[in-house]
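Good morning, everyone, and thank you for coming. I would like to walk you slowly through one structure, so please keep the sequence and the model in view while I talk.

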Amino acid sequence: MKAALRMIYPPQCLGCGGAVDQDGALCPRCWRDCEFVSGCACRRCGVPLPGDAGEDMSGADGSLICDDCLTMARPWRHGRAALVYRGIGRDLVLALKHGDRPDLAGPLGGWLALAVAPILREGMIVVPIPLHPRRLMQRKFNQAALLSAQTAKVHGLPHYPSLLYRTRQTPAQDHRRLEERYANLQDALAVAPRHRAELQGRSVLLIDDVMASGATMSAAAQALLAAGAATVCVAVLARAVKE
Ligand SMILES: [Zn+2]
Ligand SMILES: [Zn+2]
């Protein structure tokens with residue numbers, strides 16, 4: 001049956017639709033264009049760092065920390081990213097987000113699950129950054145929740161897709177300055193009262209599709225900690241980098 005299906009629907013490259021050996025793979029050209037975060041990266045936000053195991057970029061705990069994470073408050077402990085938000089990596093994120101490619105959630109969530117493996121801890125729960133209900137209606141699904149569901153499934157962790165919610169609709173962040181981005185999100189995320197009890201003393205793995213300034217993650221992490229979470233770690237499919 002599977003062989004017959006493969007003749008009708010041969011496996012396609014996630015990026016360009018070209019022929020590949022197996023489902024959920026990239027062709028060699030897209031693979032070269034897709035920047036996976038590996039090796040040297042900030043341990044707090046996942047941004048790739050130049051050079052190898054940097055001696056001059058160590059944080060207080062002796063791990064690699066980027067300049068932004070040294071100067072800005074990051075209310076979470078560890079962070080990881082699977083991809084750089086550029087080229088094919090950006091195309092894949094946008095295809096998942098805009099709804100025409102829900103088939104991407106499995107393979108992309110699989111990449112994210114691999115990236116978070118080093119920061120998982122016993123008893124962790126997995127929580128996505130929520131969409132406002134109005135935006136959810138337009139998009140039909142929350143792309144962050146598709147990714148967090150897959151990550152939770154791969155690692156056998158409890159998944160709480162509606163633990164956080166948006167208290168109000170926030171304007172688009174795209175062309176705002178950093179301070180405005182943070183102000184824009186102040187108190188915009190909160191813990192659903194019905195999940196408060198389950199959150200007490202838990203470690204949370206917070207998941208989103210993209211991290212740019214980190215303002216959304218900060219607001220969400222603050223809400224989780226204020227509501228009783230013990231620690232928060234963050235993971236994104238793709239990390240935006242400064243050109
Ligand atoms: Zn391709
Ligand atoms: Zn960083």
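This is a predicted model: local features need pLDDT of at least 70, side-chain atom pairs count only at pLDDT 80 or more; totals for chains, interfaces and linings use all residues.

Let me begin with two helices: the axes of helix H8 (residues 178-185) and helix H10 (residues 215-226) come within 9 Å of each other and cross at roughly 35 degrees. Axes here are lines fitted to C-alpha atoms, for helices over the stretch in contact, with angles running from 0 to 180 degrees between N-to-C directions, while helices (H or I, at least four residues) and strands (E, at least two) are DSSP runs, numbered from the N terminus.

Residues are numbered from 1 along each chain as its sequence is written, and side-chain values use heavy atoms, with hydrogens and water left out.

Which residues meet where H8 and H10 touch? On the H8 side they are Arg 181, Tyr 182 and Leu 185, and in H10 they meet Ala 215, Thr 216, Ser 218 and Ala 219, where contact means heavy atoms within 4.5 Å.

Now to the sheet, which is open and has four strands in the order E1-E6-E5-E2, with parallel pairing; two strands pair if DSSP finds at least two bridges between them. Strand E1 (79-84) and E2 stand at the edges with a single partner strand each, so one side of each has no neighbour in the sheet. From one strand to the next, the twist averages 20 degrees.

Is strand E5 (residues 203-211) largely enclosed or left open, and why? Nine of its nine residues are buried, so E5 is largely enclosed by the rest of the structure, buried being under 20% relative accessible area with a 1.4 Å probe and protein chains only.

E5 is joined to strand E2 (residues 125-128) by four bridges, and Pro 128 stands opposite Ile 207 in E5. Eight bridges join E5 to strand E6 (residues 231-239), where Ser 203 has Thr 231 as its bridge partner and Val 210 stands opposite Ala 238.

Finally, helix H5 (residues 105-116) lies across E1, E5 and E6, and runs at about 140 degrees to E1.

Terms used
Chains are lettered from A and ligands numbered from 1 in the order in which they are written. Buried means under 20% relative accessible area, exposed over 50%, partly exposed in between (1.4 Å probe, protein chains only).
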